[in-house]
Amino acid sequence: MSIDAIPIHVINPLPTEPGLTGNALPLLREISEMLRRLLETGETAAIDLSALPLTPIDLDWLREKLGEGEIAVTLQANGESTLNETACPGVWWVTHHNENGAVTSQFIEVSFVPELVKAHPQDVTVGWEHLELLISDL
Amino acid sequence: MQGPLIDNLVRQGVSRRTFLKYCATLASMMALPPTAGRAMAEAMAAARRPSVIWLPFQECTGCTESITRSHSPTIEGMIFDMISLDYQETLMAAAGFQAEEARHQAMKENAGKYLLIVDGSIPLGQDGAFSCTAGRSNLETLKEAAEGAAAIVAMGSCASFGGIPKANPNPTGAVSVSDIIKDKPIVNIPGCPPIPVVMTGVLAHYLTFGTLPELDEKGRPKSFYGETIHDRCYRRPFYDQGKFAKTFDDEGARNGWCLFELGCKGPVTHNACATTKWNGGTSWPVESGHGCLGCSEPDFWDAGGFYKALSMPADPLKFVAVAAVAGAAVGVGVSLANRGKKSSAKAAHETTTLADLEK
């Protein structure tokens, strides 16, 4: 009997691709749990990707699994930031760059709208005053 | 300029989102929960600026370079502007009598409230004659300035632990700030030089909460020095898999494997290089292919050779074979075993050689 004939079910197979550590897979379950909480209680959550032992290849793997969504937000503030919805609505991939283009921090945010996209009431007030002034000058 | 910090930032053209983004990154670097950025931004936006006196002693100005030479204008630099830096010999325009006068005035006006930053060690030999400013020894100046300080920040390994001036045979009798001052809260920010954002983080914490951050047993902020370089190293998975570079130009080195056997002091060095990186997030020593020197630990200069391995995993050959079969579980087991070795090596601050482990 050849060894191939023995049925083997591999649980948690060793990562085959070089650089893949297997540390990214558990994150998918964590994100799934976060989505459940978002739907049930509206509670938002985030995962700090730079705080975890992930290789660039792990990050690529995770990114590929989560896929591309419909919305991509670009923020120009002290370097570019991208807030991209993944193929799972409510899961956002947030990357902050500095002026040199280097990644300074990276998060997965689970929320209906990412925090940074919302306008601050104080800024809205300033904008409103500006608009009122503009109208009164016309 | 006594208004809330956010007004000052807005005046300098920094939008709220820019500030929020910065705080999110800072919170990440300080190992705070990812959602803490917003809370921090709100508290810091309303903070008022404290008076800071910076005394350089027996030092090379590398710490000042590290803080001030970041490409400008960064928010980090701006937050640094938000403090009232009332005395810094290298940066201030005033010199001689005027400079000393400014320091005395700031010390008088803000008695009990100012933050004192010290870089460089303090020589005690020859009655402190090795390093003097305005005809007074560093020891005298430090004692006087510490008297009215709310807290002291020891910037860099020299001020924190004595650093290179204290290296054997310590010709000047150099000591750290905490060797002299015993009755004030002292934050050590070691590193040769220290990471600029750690300084900003401590300032941000002071501005946000009005207190100093939580410190470890060596007086270092836990948020930046709580974990070792090794714990947060992106090459750590290779250590767990038993994949090591044996020389600086072998296949392992080219594949970016663990530099442990080439003398990396990552496992016994507490610092944040692995997460904050250097030069505006460009890279850091291990990413550039060189092991960690351990510059943020006491007496790193005398710790027994930069290229000597701390210890070797038990029978590396066997380890690789086993790891290939059983994978991560074994990796974790060995890593735990090494953690034990790591802490004992750390406690004794001695290098463990291959011969030691074979006994």
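In the predicted model, Lys265(B) is found in the loop that links helix H14 (251–254) to helix H15 (273–276) of chain B. Lys265(B) has 26 C-beta neighbours inside 10 Å and therefore counts as buried, the threshold for this class being 20 or more. Leaving aside residues up to four places away in sequence, the contacts of Lys265(B) are Gly291(B), Cys292(B), Leu293(B), Gly294(B) and Leu310(B). Phe306(B) stands 41 residues from Lys265(B) in sequence, while the C-alpha atoms of the two are 7.8 Å apart in space.

Among the contacts in chain B with a separation of 6 or more, 72% are between residues 24 or more positions apart.

Chain B is divided by the domain assignment into domain 1 (50–224) and domain 2 (229–358). The contact between them involves 15 residues of domain 1 and 13 residues of domain 2. On the side of domain 1 of chain B that touches domain 2, helix H8 (156–161) and H10 of chain B each provide at least two residues. By class, this side of domain 1 has nine nonpolar residues, five polar residues and one charged residue.

Helix H10 (residues 196–209) of chain B also packs against helix H3 (residues 36–45) of chain B, the two axes coming within 8 Å and crossing at roughly 70°. This angle makes H3(B) roughly perpendicular to H10(B), because angles of 65 to 115 degrees fall in that class. From H3(B), the residues Met40(B), Ala43(B) and Met44(B) take part, and they meet Ala204(B), Leu207(B) and Thr208(B) of H10(B). Five of the residues in this helix contact are nonpolar and one is polar, with no charged residue.

A sheet is also present in chain B. Strands of a sheet pair through backbone hydrogen bonds, in either a parallel or an antiparallel sense. The sheet in chain B is open, has five strands in the order E2-E1-E3-E7-E9, and shows parallel pairing. Strand E2 (84–88) and strand E9 (186–189) of chain B are at the edges; each has a single partner strand, so one side of each has no neighbour in the sheet. On average, and with direction ignored, neighbouring strands are turned by 20° against each other. Within this sheet, strand E3 (residues 114–119) and strand E7 (residues 149–155) of chain B are joined in the parallel sense by six bridges. Opposite Ile117(B) stands Val153(B) of E7(B).

Helix H6 (residues 96–109) of chain B touches strand E1 (51–56), E2 and E3 of chain B, and its direction is at about 135° to that of E2(B). Helix H7 (residues 138–147) of chain B touches E1, E3 and E7 of chain B, with a direction at about 165° to that of E1(B).

Chain A contains an open sheet of five strands with antiparallel pairing, in the order E1-E5-E4-E3-E2. Its edge strands are strand E1 (45–48) and strand E2 (72–76) of chain A, each of which pairs on one side only. Strand E1(A) runs antiparallel to strand E5 (residues 103–110) of chain A, and four bridges join the two. Ile47(A) has Ile108(A) in E5(A) as its bridge partner.

Helices from both chains lie across the sheet of chain A. Helix H1 (residues 25–41) of chain A lies across E1, strand E4 (91–97) and E5 of chain A, at about 50° to E5(A). From the other chain, helix H2 (residues 16–29) of chain B lies across E1, E2, strand E3 (80–85), E4 and E5 of chain A, running at about 95° to E5(A).

The contact between the chains involves 26 residues from chain A and 24 residues from chain B. On the side of chain A that touches chain B, E1 and E5 of chain A each contribute at least two residues. Strand E5(A) gives the largest share of this side, namely four residues. The class composition of this side of chain A is 11 nonpolar, 12 polar and three charged residues.

Methods. Residues numbered from 1 in each chain as written. Chains lettered and ligands numbered in written order. Predicted model: local features only at pLDDT ≥ 70, side-chain atom pairs only at ≥ 80, totals over all residues. Pairing = 2+ DSSP bridges. Contact = placed C-beta atoms within 7 Å. Axes fitted to C-alpha atoms, helices over the stretch in contact; angles between N-to-C directions. Nonpolar A, V, L, I, M, F, W, Y, C, P; charged D, E, K, R; others polar. Parallel < 35°, antiparallel > 145°, perpendicular 65-115°, else oblique. Domains from an automatic or database assignment. Buried ≥ 20, exposed ≤ 12 C-beta atoms within 10 Å, placed from the backbone.
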